[in-house]
Amino acid sequence: MGEFVIKMPDVGEGVAEAELVEWHVKPGDPVREDMVLAAVMTDKATVEIPSPVDGTVLWLGAEIGDIIAVKAPLLRIAIAGEGETESVAEEERQPLPSPQGGEGARRADEGVSLSAQKEPPSPSQPPPSSGPPGHLLPIGEKGKTSTAETRPLASPAVRLRAQEAGVDLRQVPGTGPAGRITHDDLDQFVARGAQPVAVSTGLARKTATEEIKVTGLRRRIAEKMRLAASRIPHITYVEEVDVTDLEDLRTTMNAGRKPDQPKLTILPFLMRALVKTLAEQPGVNATFDDDAGIVTRHAAVHIGIATQTPSGLTVPVVRHAEARTIWDSAAELTRLADAARNGTAAREELSGSTITITSLGALGGIVTTPIINHPEVAIVGVNKMVTRPVWDGTQFIPRKMMNLSSSFDHRIVDGWDAAVFVQRVKALIETPALIFIEG
């Protein structure tokens, strides 16, 4: 028998590390060639890692949420024959790292892949069995146990039963793996006459807590928001827009659309209004490399559309909006939104935007303060549409009104320029025929 070491692959585009978001195997599992072993996430997309060989999993080198450097050992597989044990490079023959949480994982520019080094088990030595199957226990600082070890191990169903029965799980001996408390353990504890915690009649106090590790897309969103909020001084400008005429036009165009044409929402009209306005104010269609101190103005208008998915917020990009018609923009919007929601959007479809639109639709509220999609310098927020009485000089008449809440990087865009930009967009939306006039 031999061993085959699988390392974190180079996923391209200068990516030096990725976050482990899913294991598909555990120690002892048989694997076959091309079988997906794990999934990792970069700041661009999620990448699946297949097995190049047939064999049996010996060792996993990371836990969900760990940041893994490119070329760091990820797992070992026992294979028939001599395998590649003798041909493994010297760097791979060093003791493999013990998995650490996100805080414990070293970045690639710190010189190592993960923070702790620990000799992995040999093929004849089974993987540690003191933790959940498929994982090694985290190592605490200076020999201390991690905080997870001080909390009783039990499934959510056991915790719920204990809570309902008023039983403190810290008093229940666990007989499962790593001291895990099972349903039988809880039954025996109660049967021995242990007194549950008294609960008063009426409304009961709730003391349960749930710890959820921030991983995957949610971690990427958190990092992106932290970066934007900490480095970009935002200025938010809110303007009320009368969309009555635009809605009448949209309804008419939808009624006469062809079978192969998508249904129009307000977003394609807003995209065309942005294209015309950005041609007049190119300083807003820009990205800012604040480390290098360089602002790049873009002739192409690549509009990011903030889209809510089951996994969290993503921003697919409608590229070259300046070259698209209303109908083409609507079709591309629909295609990208569907791809983002079902997880099939390509990496290039989720990056490269020069300005972003964010909309919560009917939940849009009256005013929002959207956070800029770094390194862009502007974002346009669409609030919900309402019908209100508006004074026309002689009487109140019902009009469909909507607010635009737009944020700008105040280092690059002055307040005056921000106001001029929004007012120009407002004028185009309120007189929608102007959107279709070239020149």
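Student: Why does Lys71 count as exposed?

Tutor: This is a predicted model, so every value here is computed from it. Lys71 has 56% relative accessibility. Exposed means over 50%. Lys71 therefore counts as exposed.

Student: Where does Lys71 lie?

Tutor: Lys71 lies in the loop between S7 and S8. Its phi is near 80°, a positive value in a residue other than glycine.

Student: What makes Asp34 exposed?

Tutor: Its relative accessibility is 58%. The cut-off is over 50%, so Asp34 counts as exposed. Asp34 is found in the loop between S3 and S4. Phi of Asp34 is near 75°, again a positive value in a residue other than glycine.

Student: Why is Asp338 called partly exposed?

Tutor: Asp338 has 42% relative accessibility. Buried needs under 20% and exposed needs over 50%. A value of 42% falls in between, so Asp338 counts as partly exposed. This residue lies in helix H7.

Student: How far is Asp338 from Thr307 in sequence and in space?

Tutor: The two are 31 residues apart in sequence. In space they are 9.6 Å apart, C-alpha to C-alpha.

Student: Does His374 count as buried or exposed, and why?

Tutor: His374 has 13% relative accessibility. Buried means under 20%, so His374 counts as buried. His374 sits in the loop between S18 and S19.

Student: Which residues is His374 in contact with, leaving aside its neighbours within four places in sequence?

Tutor: They are Lys224, Leu227, Ala228, Ile232 and Asp290. Contact requires heavy atoms within 4.5 Å.

Student: What kind of peptide bond joins His374 and Pro375?

Tutor: A cis peptide bond, with omega about 10°. Pro375 is placed in the loop between strand S18 (355-359) and S19.

Student: How do you know that the span of helix H5 agrees with its number of residues?

Tutor: H5 covers residues 244-255, which is 12 residues. The expected span is 1.5 Å times one less than that number.

Student: Which residues of H5 are buried?

Tutor: Thr244, Leu246, Glu247, Arg250, Met253 and Asn254. They pack against strand S11 (234-242), helix H6 (266-280), helix H7 (326-342), strand S19 (378-391), strand S20 (396-409) and helix H8 (415-430).

Student: Which residues meet where H6 and H8 pack?

Tutor: From H6 come Leu270, Ala273, Leu274, Lys276, Thr277, Leu278 and Glu280. They meet Phe421, Arg424, Val425, Leu428 and Ile429 in H8.

Student: What is the strand order in the open sheet of four strands?

Tutor: The order is S5-S4-S2-S7, with antiparallel pairing.

Student: What makes S5 and S7 edge strands?

Tutor: Strand S5 (46-50) and strand S7 (67-69) each have a single partner strand. One side of each is therefore left without a neighbour in the sheet. Neighbouring strands of this sheet are turned by 40° against each other on average, direction ignored.

Student: How do you know that S2 and S4 pair?

Tutor: Pairing needs at least two bridges. Strand S2 (residues 17-23) and strand S4 (residues 36-41) have four bridges, in the antiparallel sense. Two strands with four bridges therefore count as paired. Glu19 stands opposite Met41 in S4.

Student: Which helix lies across S2, S4 and S7?

Tutor: Helix H4 (residues 216-231) does, running at about 150° to S2.

Student: Why is strand S6 called mostly covered?

Tutor: S6 spans residues 55-60, and five of its six residues are buried. Each of those five has under 20% relative accessible area.

Student: Which strands pair with S6 in the antiparallel sense, and over how many bridges?

Tutor: Strand S3 (residues 30-31) pairs with S6 over two bridges. Val31 stands opposite Gly55 in S6. Strand S8 (residues 73-79) pairs with S6 over four bridges. Here Thr56 stands opposite Ala78 in S8.

Terms used
Residues numbered from 1 in each chain as written. Predicted model: local features only at pLDDT ≥ 70, side-chain atom pairs only at ≥ 80, totals over all residues. Heavy atoms only, no water. Buried < 20%, exposed > 50% of the residue type's maximum accessible area, 1.4 Å probe, protein only. Axes fitted to C-alpha atoms, helices over the stretch in contact; angles between N-to-C directions.
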